[in-house]
Amino acid sequence: MRPSSFLVLALLLVLGMLVGQAAVSGVSYKGQEADQVLAKGQVTRPGKGPGPVKLPSKVPSKPGSCPRILMKCAMMNPPNACMRDSQCSGNKKCCMGSCGRVCMRPKN
């Protein structure tokens, strides 16, 4: 290649970068100026965006403690049948079982 070809190639590269930068600089990011949809309980604060969502008070756990599990499965991320005591019927608690969380009768 001749030296003049390198000059033309460099000039085209610089012009392409300048055109790309000019095209992007006048465009706002998506969602920056759009109206935000608020969840129930959120309040807009000028300049700070939507406020925090108020979570319900902590749900008390059921009495008793979870039984001790002697065996554990080899699965990396076992499926859970429950996540908290309130998801279990009667006096059962949501405890770590041999393979994931399950509803169990508590030990007293």
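Reader: Hi! How many helices and strands does the protein chain have?
Author: Hello! The secondary structure comes to 1 helix and 4 strands. Do keep in mind that this is a predicted model.

Reader: Got it. In what order do the elements run from the N terminus?
Author: They go α-β-β-β-β along the protein chain.

Reader: And how do E3 and E4 pair?
Author: Strand E3, residues 93–97, and strand E4, residues 100–104, pair in the antiparallel sense over 5 bridges. The two form a hairpin, with 2 residues between them.

Reader: Nice. Which residue in E4 is the bridge partner of Cys-95?
Author: That would be Val-102.

Reader: Switching topic: where is Asp-85 found?
Author: Asp-85 sits in the loop between strand E2 (49–50) and E3.

Reader: Is Asp-85 buried or exposed there?
Author: Asp-85 counts as buried, because its relative accessibility is 10% and the cut-off for buried is under 20%.

Reader: What does the side chain of Asp-85 make a polar contact with?
Author: Its partner is the side chain of Lys-93, at 2.9 Å. Lys-93 belongs to the residue range of strand E3.

Reader: Which other residues is Asp-85 in contact with?
Author: Setting aside neighbours within four places in sequence, Asp-85 is in contact with Ser-61, Lys-62, Lys-92 and Cys-94, as well as Lys-93.

Reader: Back to the whole protein chain: what share of residues is buried?
Author: Buried residues make up 12% of the 108 residues.

Note on methods: Residues numbered from 1 in each chain as written. Predicted model: local features only at pLDDT ≥ 70, side-chain atom pairs only at ≥ 80, totals over all residues. Heavy atoms only, no water. Pairing = 2+ DSSP bridges. Buried < 20%, exposed > 50% of the residue type's maximum accessible area, 1.4 Å probe, protein only. Polar contact = N/O pair within 3.5 Å; in protein donor to acceptor, adjacent residues only side chain to side chain. Contact = heavy atoms within 4.5 Å.
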